[in-house]
Amino acid sequence: MDVFDTEQKFEATDLDKKDYGKFYDGDSYVIQNTYKERGSPEKHQDIHTWIGKNSTVDEKMGAARKMVQLDKQLEGKATQHTEHQGRESETFKSYFKTITYLSGGADSGLRHVPRATSACKQRRLLCFSKDGDKVNVTEIGRQKETQLDSNHAYILDLGLTIYQWNGNKSRTDERRTASNYLQDLKLSRAGRTKWEELEETDREQHLKFVSQIKKLNGIESPVQNGSVKYRAT
């Protein structure tokens with residue numbers, strides 16, 4: 001499988017394999033998958049265009065250009081698909097162990113959407129939610145009111161400190177995926193990161209997580225003033 005990101009103006013470039021499954025909502029991507037059917041030596045190809053919810057015109061044009069290029073190389077024999085963020089086909093989702101939606105995108109000829117340049121300077125709130133037999137990871141943008149869902153697990157990545165928060169109704173798969181994601185972050189930062197796992201059912205731990213989110217959002221008022229809301233369904 002090959003993944004191409006339209007990170008350059010109107011062009012698509014190869015994505016590093018370690019980033020497969022990570023998608024910026026301001027970008028578009030092209031994914032080419034080659035496979036053989038059981039009992040047949042013939043190769044088949046599927047080409048998917050993935051469009052982020054904030055993908056710009058030039059991002060989409062870059063993906064379309066790459067799609068045409070690949071189709072010509074394969075002499076028109078590939079099956080083409082269009083995928084939209086959050087509404088991907090089961091075939092597309094089967095390519096990745098986890099799909100991660102990140103905010104932002106590449107520098108655009110029509111619009112500039114910044115990406116974090118240093119892992120240890122990143123500050124992100126990520127939600128881990130079950131989707132069929134997969135767990136999706138979605139970055140929650142900074143906002144005046146952040147809503148935490150008791151049905152899911154979250155990671156608050158502050159660069160050198162990482163918190164995992166487990167909602168009291170979160171599923172085992174969500175908590176496990178969040179924990180594995182956290183461990184990968186630690187390894188990628190050469191052990192410089194401190195981490196802590198917090199439970200919603202423990203009031204002190206819960207309020208600590210809420211306080212950190214408020215700081216991320218630039219809100220210093222007391223926790224009980226309600227800039228972070230909760231949904232337990």
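1. Helix H4 in this predicted model has a buried set of residues: His206, Phe209, Val210, Gln212, Ile213, Lys214 and Leu216. The N-terminal end of H4 is capped by Asp202, which places a side-chain oxygen 3.1 Å from the backbone nitrogen of Glu204.

2. The length of H4 can be checked. The helix covers residues 203–216, which is 14 residues, and at 1.5 Å a residue it should span 20 Å.

3. Salt bridges come next. The count is 9 salt bridges. As background, side chains of opposite charge can pair when their charged atoms come close.

4. How far apart are the N and O atoms in the salt bridge between Asp173 and Arg176? The distance is 2.9 Å. Both residues belong to helix H3 (residues 172–188), and because they are 3 residues apart, about one helical turn separates them. An α-helix has 3.6 residues a turn, so residues three or four places apart point the same way. Asp173 has a relative accessible area of 29% and is therefore partly exposed; Arg176, with 45%, is also partly exposed.

5. Within it, the closest N and O atoms of Asp19 and Lys22 are 4.0 Å apart. Asp19 is partly exposed because its relative accessibility is 21%, and Lys22 is partly exposed at 30%.

6. Lys77 and Glu75 form another salt bridge, with their closest N and O atoms 3.8 Å apart. Are these residues buried or exposed? Lys77 counts as exposed, with 64% relative accessibility, and Glu75 counts as exposed, with 63%.

7. The aromatic rings give 12 aromatic pairs. One of them is Phe23 with Phe96, an edge-to-face pair with 5.5 Å from centre to centre and 85° between the planes. This pair links distant parts of the chain: Phe23 is in strand S3 (residues 22–24), while Phe96 is 73 residues away in the loop between helix H2 (90–93) and strand S7 (99–102). Phe23 and Phe96 are both buried.

8. Why does the pair of Trp50 and Tyr101 count as stacked? The ring planes are at 15°, with the centres 6.3 Å apart, so the pair is stacked. Here too distant parts of the chain are linked, with Trp50 in strand S5 (residues 43–51) and Tyr101 in strand S7, 51 residues apart. Trp50 and Tyr101 are buried.

9. Both pairs are part of one aromatic cluster, made of Phe23, Tyr29, Trp50, Phe92, Tyr95, Phe96 and Tyr101.

Definitions and conventions:
Residues are numbered from 1 along each chain as its sequence is written. This is a predicted model: local features need pLDDT of at least 70, side-chain atom pairs count only at pLDDT 80 or more; totals for chains, interfaces and linings use all residues. Side-chain values use heavy atoms; hydrogens and water are left out. Helices (H or I, at least four residues) and strands (E, at least two) are DSSP runs, numbered from the N terminus. The expected span of a helix is 1.5 Å times one less than its number of residues. Buried means under 20% relative accessible area, exposed over 50%, partly exposed in between (1.4 Å probe, protein chains only). A polar contact is a pair of N or O atoms within 3.5 Å; within protein, one must be able to donate a hydrogen and the other to accept it, and residues adjacent in sequence count only if both atoms are side-chain atoms. A salt bridge is a side-chain nitrogen of Lys or Arg within 4 Å of a carboxyl oxygen of Asp or Glu. Rings of Phe, Tyr and Trp (its six-membered ring) pair if their centres lie within 6.5 Å; planes under 30 degrees apart count as stacked, over 60 as edge-to-face and the rest as tilted.
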